[in-house]
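This report covers a protein and RNA model, with attention to the RNA surroundings and to helix packing.

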Amino acid sequence: MSSKLQSVKGMNDLLPTQSPYWQFVEQVLREIASAYAYDEIRTPILEKTALFVQSIGEQTDIVEKEMFAFEDAGGEFLCMRPENTASVVRAGVQHGLFHNTQARLWYMGPMFRRERPQKGRYRQFSQFGMEAVGWSGAEADVEVMLAGARIWKALGVKDVHLYLNSLGSDGCRTRYRTALVDFLKQHVDALDADSSRRLESNPLRILDSKNPDTQRILEDAPVITDYLDAEESAHFAQVRHLLDDARVAYTIDSSLVRGLDYYTSTVFEWKTAKLGAQNTICAGGRYDDLVERRGGQSTPACGFAMGIERLVELLIEEQNALRIKALDVWFISLDTEANQAAFRLAEKLRDTGLTVAMNHGVGKLKSQLKKADASGAQFALILGSTELEQGVVQVKPLRGQFESQNVAFDAVLELIHSR
RNA sequence: GUGAGCGUAGCUCAGCUGGUAGAGCUCCGGAUUGUGAUUCCGGCGGUCGUGGGUUCAAGCCCCAUCGUUCACCCCA
């Protein structure tokens, strides 16, 4: 037992019982991205480590301790992508996708972070994301939020709520940071260890501390939206107006800050109460400086990332039973000769779009029929020496009240399609 | 990285105050010959995560280690 090799910690196999949920979710995501006229982009899983260090931020936990990073045989520092926005921006700049133009992009695929696994958090996990690059107006912010709302509806997940905040421009954030630090320094003795450490490195992150004592202190802390300049204030107002107009409910949460340094201006999260501690299923916002920092023209942008494992868990949690398409036919053959004929006939059935499983090899009819029944197939086709001599196959309906009947090979298709 | 819970058949689990293992499901076979959901009977299947220790004796107690789950941290 213990000598058997197992999968890497936090990296899970997707088993056949789960894959229908994934296929459903992936299909919905693709359709909705397409409905908003976003185009798919796929970037490599490996990138240069520097891309994420420079984009996500040196002081973030993701970069400091959660990346699968290594030096390859050629001495290059590479890492497995911990998220995809930085790669999308890199690719867009590299190929001129944003040069004097705009782009709506979506992506989906595996990401990697070396965290301690828990519910809703894995070392390999999948994200779907939409990125609107080149628009500075609130319409882009709201468009990606509306896409989120449409996704919940299409998936049938309920009790997902939108939280909203604005981090303002660089200038706003600097002034606010100073005010926040000044305030917190008055209560430094009461702060938890993590928070007092962040006082120097990343004070905004203190806002979403889960420590109750820290939260109590923060009740009287300055609020970032009070520090927005006129332009940012108007932008945020327009975001809220468009959301109101679209009848999407939301809550302003002034403690909402994102863990990746590239965010600016509008930030948002969709949360649910049904997934335990990892309750954010989608998060995003503006990153107006990132394209320029990656070497492109100054280009505004916004987008979100969505955790697909969390979506699937939510689907299962809410017991949204999926209707899985059953087999049409389970083909039983009783000897090797019949088996050959069955192979040929099964191919013909598949040519017309039927799903056909074969019982390989020769087994007892009784046990083969049991399997046919358990498979959920509509029909069992039985071919033995008797049938073969007469050039017929027995068509046995496994559901409903129809009788079995022997029909000629050529007539099988017609009979099955007529039911 | 920190903390807590759990690790017994393929799966879900039981195993009383320590006496060298059980159920259900699955799978296979049978209840007369080539006809599926039920029922009945039988069978396959475990060095009780691993390594040490205490004991006449350990799945049960102790230590270590690995795995796993949840939470913290962080984040989708």
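The model is predicted.

**Surroundings of RNA strand B**

RNA strand B is surrounded by 48 residues, and the closest are Arg121, Arg198, Arg205, Arg258 and Thr386. Of the atoms of RNA strand B that come within 4 Å of the protein, 55% belong to sugar and phosphate. By class, the residues of the surface near RNA strand B are 14 nonpolar, 14 polar and 20 charged.

Backbone atoms of the protein approach base, phosphate and sugar or linking positions of the RNA, as the table lists.

| Protein backbone atom | Atom of RNA strand B | Distance |
|---|---|---|
| N or O of Gly120 | base nitrogen | 3.4 Å |
| N or O of Ala277 | phosphate oxygen | 2.9 Å |
| polar atom of Thr280 | sugar or linking oxygen | 2.9 Å |

Both helices and strands give two or more residues to the surface near RNA strand B. The helices are H7 (193-201), H13 (365-375) and H14 (385-390). The strands are E6 (124-133), E10 (280-286), E11 (301-307) and E15 (392-397). H13 supplies the largest share of this surface, with six residues.

**Packing of helix H1**

Two packed helices are described by the angle between their axes and the distance between the axes. Helix H1 (residues 19-35) and helix H5 (residues 138-155) have axes that come within 10 Å and cross at roughly 140°. H1 is therefore oblique to H5. The crossing in which H1 passes H5 is right-handed. On the H1 side, the residues that meet H5 are Phe24, Val25, Val28, Leu29 and Ile32. Their counterparts in H5 are Ala147, Arg150, Ile151, Ala154 and Leu155. This contact of H1 with H5 has nine nonpolar residues, no polar residues and one charged residue.

H1 also packs with helix H11 (residues 308-317), at an angle of about 115° and with the axes 10 Å apart. The crossing of H1 and H11 is right-handed. H1 contributes Tyr21, Trp22, Phe24, Val25 and Leu29 to the contact. H11 contributes Ile308, Glu309, Leu311, Val312, Leu315 and Ile316. By class, the contact of H1 with H11 divides into ten nonpolar, no polar and one charged.

Phe24, Val25 and Leu29 of H1 take part in the contact with H5 and also in the contact with H11.

Notes. Residues numbered from 1 in each chain as written. Chains lettered and ligands numbered in written order. Predicted model: local features only at pLDDT ≥ 70, side-chain atom pairs only at ≥ 80, totals over all residues. Heavy atoms only, no water. Near = heavy atom within 4 Å. Polar contact = N/O pair within 3.5 Å; in protein donor to acceptor, adjacent residues only side chain to side chain. Helix = DSSP H or I, 4+ residues; strand = E, 2+ residues; numbered from the N terminus. Nonpolar A, V, L, I, M, F, W, Y, C, P; charged D, E, K, R; others polar. Axes fitted to C-alpha atoms, helices over the stretch in contact; angles between N-to-C directions. Parallel < 35°, antiparallel > 145°, perpendicular 65-115°, else oblique. Left-handed = near helix turned anticlockwise from the far one by under 90°. Contact = heavy atoms within 4.5 Å.
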